[in-house]
Amino acid sequence: MRKKIFVALAVLLLLSGCGNREAVEAEIKIPILEEGAAEYQTVCVTRSDVTQTANVAGKIGYIYADELTTDFSANILEFTAKRGDKLKAGDVIAVFDSSAVDYDYSSAKILADDAYSKYLSSGSESARLEYEICQKELELVQYRKDLYTIRAPYDCIVTSTTSFEIGQAVNEGEKVCTVAREGEIYVTTDESKDYFRTGMPVSVKFGSTGEYTAHVVMTPTGSGGARGSLNSQVVIAFDVGELERALGDVDNLLSAGWATIIVATAEKYNVLTLPEYAVKSFAGSDYCSIIDNGERVRVPVELDGVYGGTAVIRTGVSEGDIVAY
């Protein structure tokens, strides 16, 4: 009976000593008295680094692709570009019927040739000026005619195309395809933007594959970015060699288009830690049962948080303490 009364008094003392979650200035130890032999396991308080991560849904692709469109209305004569085609600068992508400017080109060329002949025969200053004017007119018409052949603007890869049939009438301003520089592949997300900061390291994974190291190169501007627009996105670039490794490991990586971004949401360095299960709570207060001179005693602790199953201890225990649970 005496032991039961002592235990009750000990619990009251614990509640009064642990009700305040502010820093514990003096260690309070309460003996744990039990009938018979008690079975328990122990763990040591250690100092370690703790990281908590979150998985954020993302997309992978060519976010800086350029859209090639028509500057005219015409029928399409040739179109062989396919998604994934690798092109050199100047390679032909599509050819359209240029008959709308063919007559203007023929007329301008006749006038330019005639003016050149007159300049050669007379050598006069007025003939030279006339030839230069006609030549400029020809160059302008040539420029308009060249627009009917759409070419790769630089060494690129075709990232998407429009489905055209030969002979189909195409209106001015219609998209023909999009192209991008081959290595400019990024991961983006507009989810959980507050997790990210420019320059921070992250990991990217695709399904059950391993993780690939990367880093944040751009965060949202914070002004007027509609959801899904580039200035609302977090943009992530792969570290050197990691993109090539991912492309080799994952079939149809770009076709699938999805990715999982693993980002640290909390980081603690050289802190006192215990497994979460070694810390107990009662009446809103946290405590541990430490081994002191062979006996278990209960001490209040103040937590800095629990991160992925690891409790970070602010006060109440010291490195090397043995905790029973």
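Predicted model: local features only at pLDDT ≥ 70, side-chain atom pairs only at ≥ 80, totals over all residues.
Visitor: Which way do β4 and β11 pair?
Guide: Antiparallel, over 4 bridges. Strand β4 takes in residues 66-69.

Visitor: And what's the bridge partner of T69 in β11?
Guide: K175.

Visitor: How many bridges join β9 to β11?
Guide: There are 4, and these two strands run antiparallel. Strand β9 covers residues 156-161.

Visitor: What stands opposite V158 there?
Guide: V179, in β11.

Visitor: New topic. Where does N55 lie?
Guide: In strand β3, residues 46-61.

Visitor: Buried or exposed, and why?
Guide: N55 counts as exposed because its relative accessible area is 58%, and the cut-off for exposed is over 50%.

Visitor: What does N55 touch, leaving out residues up to four places away in sequence?
Guide: T260, I261 and I262.

Visitor: How far is N55 from K205?
Guide: They sit 150 residues apart in sequence, but 9.8 Å apart in space, C-alpha to C-alpha.

Visitor: On to the largest pocket. What's its volume?
Guide: About 250 Å³.

Visitor: Which lining residues lie nearest its centre?
Guide: G61, Y62, R83, T159 and L254, out of 13 lining residues.

Visitor: Which element gives the largest share of that lining?
Guide: β9, with 3 residues. β3, β9 and α5 (253-256) each supply at least two.

Visitor: And by class?
Guide: The lining has 7 nonpolar, 5 polar and 1 charged residues.

Note on methods: Residues numbered from 1 in each chain as written. Heavy atoms only, no water. Pairing = 2+ DSSP bridges. Buried < 20%, exposed > 50% of the residue type's maximum accessible area, 1.4 Å probe, protein only. Contact = heavy atoms within 4.5 Å. 1 Å grid on protein atoms, 1.4 Å probe; cavity = no way out; pocket = protein on both sides within 12 Å on 5 of 7 lines; lining within 4 Å. Points joined across faces, edges and corners; volume = space filled by probe spheres on them. Nonpolar A, V, L, I, M, F, W, Y, C, P; charged D, E, K, R; others polar.
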